[in-house]
Amino acid sequence: MAWDESFTCDICGKMKLESNHWWMVTLGDVFCFEADQPPKHFSIVPWNASESRNEDVHHICGEGCATKALERFMSTGTLAKEVHLGSMHV
Ligand SMILES: [Zn+2]
């Protein structure tokens with residue numbers, strides 16, 4: 001088969017093509033000292049087909065989105081887009 005699966009970038013939504021050099025990001029599974037703490041570790045590893053279906057793995061299409069993912073992690077602790085809950089005064 002030409003395409004292994006239709007993965008999309010967790011940051012920009014771009015679809016993975018076979019030739020793309022993608023990366024995988026995992027959060028917080030390296031040193032998880034306390035289960036109820038938010039993820040505090042950002043790990044980026046080269047694409048790995050067998051791990052890409054792991055639901056804890058985020059799919060990143062390239063260094064631009066890897067940078068965005070890191071920025072999100074540093075500001076929110078997750079890779080989710082900034083949540084706008086009305087006006088937050090921090
Ligand atoms: Zn992307």
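Student: What should I know before I start?

Tutor: This is a predicted model, where local features need pLDDT of at least 70, side-chain atom pairs count only at pLDDT 80 or more, and totals for chains, interfaces and linings use all residues. Residues are numbered from 1 along each chain as its sequence is written, and side-chain values use heavy atoms, with hydrogens and water left out.

Student: Which residues are the protein donors of the zinc ion?

Tutor: Donors are N, O and S atoms within 2.8 Å of the metal (3.2 Å for Na, K and Ca); water is not among the atoms, so sites may look incomplete. Here the SG atoms of C9, C12, C61 and C65 lie 2.2 to 2.4 Å from the zinc ion. Their spacing in sequence is C-x2-C-x48-C-x3-C.

Student: What is the geometry of the site?

Tutor: Four donors count as tetrahedral if all angles lie between 85 and 135 degrees. The angles here are 105 to 113°, and the zinc site is tetrahedral.

Student: Are C61 and C65 buried or exposed?

Tutor: Buried means under 20% relative accessible area, exposed over 50%, partly exposed in between (1.4 Å probe, protein chains only). Both C61 and C65 are buried.

Student: How do I read the sheet?

Tutor: Strands of a sheet pair through backbone hydrogen bonds, either parallel or antiparallel. Strands (E, at least two residues) and helices (H or I, at least four) are DSSP runs, numbered from the N terminus. Two strands pair if DSSP finds at least two bridges between them. This open sheet has 3 strands in the order β2-β1-β3, with antiparallel pairing. β2 and β3 (58–60) are at the edges with a single partner strand each, so one side of each has no neighbour in the sheet. Between β1 and β3 there are 3 bridges. M24 has H59 in β3 as its bridge partner.

Student: Where is T26, and what is it in contact with?

Tutor: T26 is in strand β1. Its relative accessibility is 14%, so T26 counts as buried. Contact means heavy atoms within 4.5 Å. Beyond neighbours within four places in sequence, T26 contacts H41, F42, S43, D56 and V57.

Student: What about the nonpolar core?

Tutor: Nonpolar side chains tend to be buried together in soluble globular proteins. A nonpolar core is a set of buried Ala, Val, Leu, Ile, Met, Phe, Trp, Tyr and Cys residues joined through side-chain atoms within 4.5 Å. The largest one has 16 residues; C9, I11, W22, I60, C65 and L79 touch the most other members. β1 and α1 (63–76) each give two or more residues to this core. The most come from α1, with 4 residues.

Methods:
Tetrahedral: all angles 85-135°; square planar, octahedral: opposite > 155°, others 65-115°.
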